[in-house]
Amino acid sequence: MRVLVIGSGGREHALCRSLKLDPQVTELHCAPGNPGIEAVATVHAVDPLDPAQVAELAGRLRVDLVVVGPEAPLVAGVSDAVREAGFACFGPSRDAAMIEGSKAFAKEIMSAADVPTARSRTCVTEAEAAAALDEFGAPYVVKDDGLAAGKGVVVTDDREQALAHALACERVVIEEFLDGPEVSLFALCDGSTAVPLQLAQDFKRAYDHGRGPNTGGMGAYTPLPWAPDGLTEQVMREVVHPTIGELTRRGLPYQGVLYVGLALTAKGPKVIEFNARFGDPEVQVLLDRLETPLGGLLMASATGELGLDPVFKDGSAVIVVIAAENYPEAPVKGDVIEGLQETGHAYVIHAGTRRAGGDIVSDGGRVLGIVGSGPDQESARAAAYDLVGKIELRGSFHRTDIAR
C-alpha cells in the first residue's frame with residue numbers, strides 16, 4: 001500500500017509514525033511534512049489547502065490512499081478533489097466536514113438527530129450576543145462559528161471578555177456551560193458503519209490546574225481507568241450513530257474520523273463539540289496504544305469496509321506538549337531545540353518545527369509532543385516527563401499536571 005498523508009503537525013507525525021510500523025504500507029509520503037516526519041516518510045512541498053495540487057501529487061505518486069490530517073484542507077475540499085481524481089481518501093467531504101467547519105451547522109445536526117448537547121444560540125449581532133450571554137449566565141461559553149485552530153472558544157466568568165470575543169467573530173455560538181469532566185471519543189466511519197477507538201482525555205488550558213487561556217491542547221492520556229462502564233457504547237448509541245445517520249439522510253455520507261468532545265454531566269454525557277479529524281494531542285497517545293495496523297484501518301474507512309473494532313495494547317500512554325514562549329497569544333518562533341533523542345519508553349513528536357541550517361528550530365505555538373508509555377498511567381507519565389526534562393528550548397513551557 002502506497003500512502004500519502006496531508007499535513008505538517010503533530011497529528012500528521014503521529015499518523016506517519018504509525019503507518020511506517022504497518023507492514024502493509026510499502027511506501028509513505030507526506031506533504032508538506034516537518035523535520036520529524038522526514039525521518040519516516042518522503043516529504044513533498046505542496047500547499048495542503050490547494051485541492052488541485054494535492055490531487056496532482058497523488059496521481060504523480062500513484063498512491064493507493066490519501067489521508068487528510070488537518071481540518072482546513074477538509075473544509076477546503078481536498079478530499080473531494082482526491083476522490084474525483086480516482087483515489088481512496090480518508091477524510092470527509094467538504095460539506096460533511098462542516099460538522100467542524102461550522103459550530104452552528106453542528107448544532108443543527110445534533111438537534112435534528114436528538115443528540116444530547118448544551119442549549120445554545122447562534123448570534124451575529126451585538127444585541128443577540130448580549131441577550132444570549134444573559135440567558136445562559138456565567139461561566140460564559142462563546143465559540144467562533146468557523147475554524148479557529150482549536151483556539152476559537154472562550155470560557156470565562158467575565159461578561160465583558162465574553163462579549164468582546166463574540167464581537168471579534170463574524171458569527172458565534174453562545175451556549176450554556178456543561179459541568180463535569182471532559183473526555184474524547186474518536187469513531188472511524190466508512191459512510192455507513194462506525195467503530196470506536198479507545199477513550200482519551202486532553203488538557204486544553206495553557207497552565208497547571210486548568211488555568212490560563214484555551215489552547216489546542218497541552219497534553220493527553222489514554223486509557224481512562226475512571227471512565228464509567230459502558231460509556232463508549234452509550235456515546236456510540238446516543239451520539240455517533242444518530243449523527244452520521246442524520247448526515248447520510250442529508251446526502252452527506254461521512255467517511256473518516258468523527259471526534260466527539262464530551263462533558264460527563266450529572267444528566268449524562270453531552271457533546272461539547274465535533275471535529276472532522278483526529279484531535280491533537282489525543283491521537284498521539286491513541287496511536288501509541290493501537291495494536292491493529294493503522295494503514296488497513298484507514299483504508300477500510302475510506303473504502304466502506306470497516307468491520308471489527310480496533311484492538312489496543314495493554315498499558316498506558318501520556319503526552320506532554322512543549323509550547324513556545326508566549327503561546328497561545330503570540331508564540332515566539334526560530335529558537336533552536338536540543339535534546340530530541342528518544343529514550344527507552346518515550347519519544348518526540350514534532351508539531352511546530354522546521355530546519356534552519358543544521359538546526360531544528362521552533363516554528364509554531366505547540367512545538368513538540370513528548371509521548372511516554374508504560375504498564376500503567378504513572379509509569380507512562382514518568383517516562384514522558386523524564387524526556388521533557390532533557391529537551392532545551394529557550395522560553396518554552398509545559399504543564400506539569402498532565403494525567404495526574
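Which residues do ring pairs link into a cluster? In this predicted model, the cluster that ring pairs hold together consists of F90, F186, Y259 and F278. A search of the whole structure finds 5 aromatic pairs, and two of these are described here in terms of geometry and position, since a pair of aromatic rings is described by the distance of the centres and the angle of the planes.

F90 and F278 form a stacked pair, with 5.8 Å from centre to centre and 15° between the planes.

In soluble globular proteins, nonpolar side chains tend to be buried together. In the present model, the largest nonpolar core comprises 73 residues, of which L4, V66, Y254, L258, V260, F274 and L368 touch the most other members. Helix α9 (residues 231-249) supplies the largest share of this core, namely 7 residues. Apart from this core lies another, of 44 residues, which includes V25, A88, F186 and A220; F186 is also one of the residues in the ring cluster. For Y254, when neighbours within four places in sequence are left aside, the contacts comprise P92, A96, I99, C189, D190, G191, I244, L247, N275 and A276.

Helix α9 also packs against helix α6 (residues 103-113), the two axes coming within 9 Å and crossing at roughly 105°. With 65 to 115 degrees as the range for this class, α6 and α9 are therefore roughly perpendicular to each other. On the α6 side, the contact involves F105, I109, A112 and A113, which meet P242, T243, E246 and L247 of α9. By class, the residues in this contact are 6 nonpolar, 1 polar and 1 charged.

Several features of the backbone complete the description. The peptide bond that leads from A31 to P32 is cis, with omega near 0°, and P32 is placed in strand β2 (residues 27-32). A cis bond also joins Y327 and P328, where omega is about 5°, P328 being found in the loop between β18 (316-323) and β19 (337-338). The loop between β18 and β19 also contains N326, a residue other than glycine whose phi is positive, near 75°. N326 is partly exposed, its relative accessible area being 45%. A positive phi, near 65°, is also found at A403, again a residue other than glycine, and A403 is located in the segment after β24 (392-393). With a relative accessibility of 4%, A403 counts as buried, the cut-off for that class being under 20%.

Notes. Residues are numbered from 1 along each chain as its sequence is written. This is a predicted model: local features need pLDDT of at least 70, side-chain atom pairs count only at pLDDT 80 or more; totals for chains, interfaces and linings use all residues. Side-chain values use heavy atoms; hydrogens and water are left out. A nonpolar core is a set of buried Ala, Val, Leu, Ile, Met, Phe, Trp, Tyr and Cys residues joined through side-chain atoms within 4.5 Å. Buried means under 20% relative accessible area, exposed over 50%, partly exposed in between (1.4 Å probe, protein chains only). Helices (H or I, at least four residues) and strands (E, at least two) are DSSP runs, numbered from the N terminus. Contact means heavy atoms within 4.5 Å. Axes are lines fitted to C-alpha atoms, for helices over the stretch in contact, and angles run from 0 to 180 degrees between N-to-C directions. Angles under 35 degrees count as roughly parallel, over 145 as roughly antiparallel, 65 to 115 as roughly perpendicular and the rest as oblique. Ala, Val, Leu, Ile, Met, Phe, Trp, Tyr, Cys and Pro count as nonpolar, Asp, Glu, Lys and Arg as charged, and the others, Gly among them, as polar. Rings of Phe, Tyr and Trp (its six-membered ring) pair if their centres lie within 6.5 Å; planes under 30 degrees apart count as stacked, over 60 as edge-to-face and the rest as tilted.
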